[in-house]
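Q: Hi! Could you walk me through this structure?

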Amino acid sequence: MDSTFVANGKMPKVEAAKVNFVTAELAVTNAGVQAHTIGAKTETVQYRGFLPDILAYLQNETELTRSTLVRILKESSRLPEFFINPQRFMDSVAAILKSELHQLIVDGIKYERVPASEPEFEWRQELFKNEELINYLTALQVDHSIYEYVVYDSQVEREFAKKLDGRPDIKLFVKLPRWFEIDTPIGRYNPDWAILKHNEGTLYLVRETKSTKDFLKLRTTEGDKVRCGQKHFEAIGTSFAVVVSADEV
């Protein structure tokens, strides 16, 4: 694991603890209690207590080996800050290590197709028959779905469904229900749409609708789940993409 994340500004500088002192004068009158500030000062507290076992703490938080942690701390050149404020330093390093480990897992995730010999390995059509209650204020009436109405979560999804429903090459589409989830290292991911497209051939598509694709450039939980979902569908040979409009299908 690269140690530059601690030294390149990703981790804020750890400073000594500061204590603010405010002196006030209270006056009790018939109108009530009134306070008047008569002085204020800030003092820096130099840590002089017992130094905790930083390696044991970080190992417990990250499950990295002690030798790896020693190398990271030494190469970061930030270890002197540990003596200024030990707990804040350990918490900051642990948080960044967890974030980096999280990204390594997401970037390196690999899905393998499981033989569908058992019922629990398959999504069955019967599951779609249990229709959920529909809020007609956030539902669009359509002709090319398994339901008469498609529930949408945003105006982007509404426009997407409306345009899909009017295209002759889209034979069937469905807003995937909330129970349709994919396991990822950071939680379950529920993709937006399943689409059956016919144009010189039959294509089974899964699409995620967003108002912009820029969010994929960011390291967020939502973006990471979408990236995991993409690798999941690649493993089973199903086309997956993030789109802004139905024209991209």
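A: Happy to: below we chat about a sheet and some salt bridges.
This is a predicted model, in which local features need pLDDT of at least 70 and side-chain atom pairs count only at pLDDT 80 or more, while totals for chains, interfaces and linings use all residues. Residues are numbered from 1 along each chain as its sequence is written, and side-chain values use heavy atoms, with hydrogens and water left out.

Q: How do β5 and β8 run?
A: They run antiparallel, joined by five bridges. In β8, L196 is the bridge partner of L172.

Q: New topic: how many salt bridges does the structure hold?
A: It holds 15. A salt bridge here is a side-chain nitrogen of Lys or Arg within 4 Å of a carboxyl oxygen of Asp or Glu.

Q: What does K175 form a salt bridge with?
A: One partner is D153, with the closest N and O atoms 3.3 Å apart. K175 lies in β5 and D153 in the loop between β4 (149-151) and α5 (155-165), so the pair ties together parts 22 residues apart in sequence. K175 also forms a salt bridge with E157, at 3.7 Å between the closest N and O atoms.

Q: Is K175 buried or exposed?
A: Buried, at 15% relative accessible area, whereas D153 is exposed at 51%. Buried means under 20%, exposed over 50% and partly exposed in between (1.4 Å probe, protein chains only).

Methods: Pairing = 2+ DSSP bridges. Helix = DSSP H or I, 4+ residues; strand = E, 2+ residues; numbered from the N terminus.
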